[in-house]
Amino acid sequence: MTESTTYARAQSDALYASAVQCIPGGVNSPVRAFKSVGGKPVYFDRAQGVEVVDVDGNAYIDFCLSWGPLVLGHSNPAVVQAVTEIAPRGLTYGACHPGEVAMAQTLVAAFPGFEMARLVSSGTEAVMTALRLARGATGRPMIVKFEGGYHGHADALLVKAGSGLVTHADPGSEASSAGVPKEVAGLTITLPFADLGAVERAFEVYGDRIAAVILEPLPANNGLLVQTPAYLQGLRAITRQHGALLVFDEVISGFRTCYGGYGAAAGVQPDLVTLGKIVGGGMPLGALVGPKAILGLLAPVGPVYQAGTLSGNPLSIAAGLATLRQLQDRAVYRRLDHLGAYLEHRLAATGVPWLRGVRVGSVFWPYFDLGPVPVRADTISSVAVARFNNLYHHVLQAGCYLPPSAYEVWFLSTAHSEAHLDALVAALADAARRMA
Ligand SMILES: Cc1ncc(COP(=O)(O)O)c(C=O)c1O
């Protein structure tokens with residue numbers, strides 16, 4: 001890398017010491033705190049392409065990429081230009097502007113079968129709105145989610161119940177966060193992935209009370225728990241049979257593995273799709289896309305309330321549209337897939353059998369163990385987690401910034417090159433040798 005090669009982080013450490021005094025845990029989002037891998041967070045100063053430089057002048061190749069939005073890398077020139085052109089014309093209007101129409105039209109065009117989009121400021125907000133709409137549309141109170149599915153931090157989704165849930169008829173008995181009332185948690189049923197029988201049993205017991213089943217069609221928040229198209233189709237059939245909505249949370253997967261939705265590409269048409277990350281091109285933007293019959297229930301035309309001071313922010317939309325425009329060139333996805341395949345190939349060539357992962361396009365989850373790769377959260381091996389934690393800081397010191405958790409996926413971008421991946425694989429192989 002170009003700048004410092006010592007990777008001393010005195011300035012980062014000093015900032016962190018100050019941060020813990022004035023920000024809970026020193027961070028504004030928990031996983032940034034490095035709790036799972038140990039050590040202290042790195043403070044970034046600037047980024048371009050895939051290179052981030054910290055406040056001490058150390059440069060890293062970034063494989064976290066702000067947790068997914070930066071499919072074109074940091075500060076993509078067309079995205080930066082779009083934002084800098086619009087900024088002098090007003091940072092927010094709190095009123096209507098042409099960009100909102102362009103973005104809604106772009107999203108609707110990318111999701112065949114849908115007619116409307118509502119723009120919000122984050123993925124969490126999009127999901128909250130989707131659930132309220134599902135409840136408003138069906139008049140039912142309960143939600144089904146899956147173990148290891150993350151959908152933002154709304155109360156209804158911070159729940160993980162044991163797998164004996166349905167047989168014990170005790171939905172949502174265990175909230176994942178203090179501050180979620182058990183009455184709220186009790187409206188959420190959490191089931192294991194890859195088990196349609198569990199979904200059928202939940203519907204047998206609670207079918208007339210379930211408003212929606214929500215999942216990431218490509219579950220990417222607790223490892224990469226790839227589900228089969230048949231499973232997604234099964235969920236579609238069960239929800240349709242019982243009059244519940246199927247919500248695909250595509251905050252990560254939307255526009256990541258193909259232009260539009262991962263679920264639709266797998267042949268399944270949900271009732272609602274939630275978006276975030278890539279659609280904002282690195283700026284705060286979320287969206288809910290669906291048919292007029294459902295989105296038309298939102299205020300001001302319908303009875304389901306949702307609002308936002310910064311909703312449809314002009315800068316976010318400019319960044320998002322400049323990103324989506326570039327993704328309309330399908331060659332981009334071929335390149336991203338090639339990079340993913342190259343990473344897998346280079347890892348295999350190290351000869352370290354456990355240095356491997358699960359990949360879909362440009363999303364890669366390191367699964368550092370042998371045996372079948374997990375498709376359910378409860379089968380992730382503790383050995384894989386321990387190996388990742390052990391090598392994390394070695395790889396960081398070698399100039400590669402990975403998401404600081406064994407459960408998080410790595411993101412590739414059009415700004416990565418084969419040489420960047422070679423550097424990562426060399427660092428991983430070196431770390432593996434030291435651990436042997
Ligand atoms: C699938 C999914 N849904 C929702 C969210 C929440 O989005 P945000 O962090 O923008 O609120 C996330 C965030 O990582 C996510 O991965």
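Which residue is the bridge partner of Ile214 in S8? The partner is Val247, in a predicted model whose local features need pLDDT of at least 70, whose side-chain atom pairs count only at pLDDT 80 or more, and whose totals for chains, interfaces and linings use all residues. Residues are numbered from 1 along each chain as its sequence is written. The protein chain holds 14 helices and 14 strands, these being DSSP runs numbered from the N terminus (helices: H or I, at least four residues; strands: E, at least two).

**Overall form**

- The radius of gyration of the protein chain, taken over C-alpha atoms, is 22 Å, which agrees with the value near 22 Å for a compact globule of 436 residues; the globule rule is 2.2 Å times the number of residues to the power 0.38.
- Along its principal axes, the C-alpha trace spans about 60 × 55 × 45 Å.
- Of the 436 residues, 50% are buried (20 or more other C-beta atoms within 10 Å of the residue's own, with C-beta atoms placed from the backbone).
- Of the contacts between residues at least 6 apart in sequence, 74% join residues at least 24 apart; two residues are in contact if their C-beta atoms, placed from the backbone, lie within 7 Å.

**Strand S7 and its partners**

- All six of the six residues of strand S7 (residues 210–215) are buried, so this strand is largely enclosed by the rest of the structure.
- Strand S5 (residues 142–146) runs parallel to S7 and is joined to it by three bridges, where pairing requires at least two bridges found by DSSP; Met142 has Ile210 as its bridge partner in S7.
- Strand S8 (residues 245–249) also pairs with S7 in the parallel sense, over four bridges.

**Domains**

- An automatic or database domain assignment gives domain 1 (10–62 + 330–435) and domain 2 (77–327).
- The contact between them takes 18 residues from domain 1 and 19 residues from domain 2.
- On the side of domain 1 that touches domain 2, helix H12 (331–349), strand S11 (357–360) and strand S12 (363–366) each supply at least two residues.
- That side of domain 1 has 13 nonpolar, two polar and three charged residues; Ala, Val, Leu, Ile, Met, Phe, Trp, Tyr, Cys and Pro count as nonpolar, Asp, Glu, Lys and Arg as charged, and the others, Gly among them, as polar.

**Ligand surroundings**

- The ligand is surrounded by 15 residues, the closest being Ser122, Gly123, Thr124, Gly152 and Val251 (C-beta atom, placed from the backbone, within 6 Å).
- Helix H4 (residues 123–138) gives the most to this shell, with three residues.
- By class, the shell comprises five nonpolar, eight polar and two charged residues.

Note on methods: A residue is buried if 20 or more other C-beta atoms lie within 10 Å of its own, exposed if 12 or fewer, and partly exposed in between; C-beta atoms are placed from the backbone.
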